[in-house]
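Here is a briefing on one protein model. Please look over the sequence and the structure before reading the points below.

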Amino acid sequence: MFRFSLLVTMFALFSLNTSSTLYTKSACIIIHGTWAKDESWYKPHGDFFKSVQSCNFELGLVDEIVSFSWSGKLGYLAQVEAAQELAKKIEVYDFVILIGHSHGVTVGILASKIIAQSISRRINFFKVAKFYALGCPVDMTREIYPDMSVVGKFYNLFSFGDYVQPINLSCDRCFAQSDRIVNISVMFQKEHPNHSQLHHPSIAKNILKIEEYFSNKKLQNFEKFTFNFPGMISFFDHELPVYEIQHDQKRLLDLDKKVHWLATMAFFRTQKTDKGGEL
């Protein structure tokens, strides 16, 4: 009897020790963009935040949803300072999922580089399990590119109706495609959403389900999802999103650049005419 009691006690202690060792702390961190610090959508009482929270409650992917606030100032130095703070926040967790909007994505990308440097001498793993980028101005001149040594999967979601993202053609819409980076154009209610609509709660309520949940359940064509080709996702208010491979995305991006160039030239010509200059 004594031996049995001793064995039970030892097993209980072993189980307790093992469970505490195996327990991981995780979070989904939502990052706002430039000049958006005082906006509510990404905060705990915001509609986007609440929708992500509801989605996570259904899936049980992470322990908590967290909002990250930074100065929101325009400029690289402000983004670097924010990235340093974000990296510290990420280090508290065993792994995180990042959702960034606009230059909030830039902050997250810079944070991935900082984290990669800090764990270079340790066992390498994907500290950022997934990174959902919404309407990020892709500045390749500064080599602002996610460090995929610490990022598991990177989903770049953009809209052809987003006129803020290109910033007068100084930035691109897409990152270089790879086996873990995919560029996905977005439709919302059968239209190309604008910059702000990319953080609509109807997108938030399904974003954490991209792509594995939908793919595993073979819902809405997501079983065809691949990192090998660019895609398109159509979001709706009261329906599940629909996926399709977008084989002509490069052609559409080239056409998009031409349209923006013509619009920019027309704008400057109009400004010059209004000021009495010659055409």
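**Briefing: helix packing, cores and loops**

In α3, the residues Y76, Q79, V80, A82, A83, Q84, L86, A87, I90 and E91 meet H103, T106, V107, G108, L110, A111, I114, I115 and S118 of α4. Contact means heavy atoms within 4.5 Å. Helices (H or I, at least four residues) and strands (E, at least two) are DSSP runs, numbered from the N terminus.

The model is predicted: local features need pLDDT of at least 70 and side-chain atom pairs count only at pLDDT 80 or more, while totals for chains, interfaces and linings use all residues. Residues are numbered from 1 along each chain as its sequence is written, and side-chain values use heavy atoms, with hydrogens and water left out.

**Overall**

- The protein has 7 helices and 8 strands.
- Of its 279 residues, 46% count as buried. Buried means under 20% relative accessible area, exposed over 50%, and partly exposed in between (1.4 Å probe, protein chains only).
- Take the contacts between residues at least 6 apart in sequence: 72% of them join residues at least 24 apart.

- Helix α3 covers residues 76-91, and its end C-alpha atoms are 22 Å apart. The expected span is 1.5 Å times one less than the number of residues.
- The axes of α3 and α4 come within 7 Å and cross at roughly 60°. This makes α3 oblique to α4.
- Axes are lines fitted to C-alpha atoms, for helices over the stretch in contact, and angles run from 0 to 180 degrees between N-to-C directions. Angles under 35 degrees count as roughly parallel, over 145 as roughly antiparallel, 65 to 115 as roughly perpendicular and the rest as oblique.
- The buried residues of α3 are A78, Q79, A82, A83, L86, A87 and I90. An α-helix has 3.6 residues a turn, so residues three or four places apart point the same way.
- Those buried residues pack against β1 (26-31), β2 (64-68), β3 (95-101) and α4 (103-118).

**Nonpolar cores**

- The largest nonpolar core has 35 residues. I29, F68, L86, I90, L98, F131 and F154 have the most contacts inside it.
- At least two residues of this core come from each of β1, β2, α3, β3, α4, β4 (128-134) and β5 (151-158). The largest share, 7 residues, is supplied by α4.
- Another core, of 33 residues, lies apart from it and includes Y155, I184, F222 and F227.
- A nonpolar core is a set of buried Ala, Val, Leu, Ile, Met, Phe, Trp, Tyr and Cys residues joined through side-chain atoms within 4.5 Å.
- I90 is in contact with I29, V96, L98, A111, I115 and K127, leaving aside neighbours within four places in sequence.

**Loop residues**

- H199 sits in the loop between β6 (181-188) and α5 (201-207). It counts as buried, at 11% relative accessibility. Not counting residues up to four places away in sequence, H199 touches E39, W41, F48 and H101.
- The peptide bond from I210 to E211 is cis, with omega near -5°. E211 is in the loop between α5 and α6 (212-216).
- K218 lies in the loop between α6 and β7 (231-235). It is not a glycine, yet has a positive phi of about 55°. At 63% relative accessibility, K218 counts as exposed.
- Q220 is in the loop between α6 and β7. Its phi is positive, about 50°, although Q220 is not a glycine. With a relative accessible area of 30%, Q220 is partly exposed.
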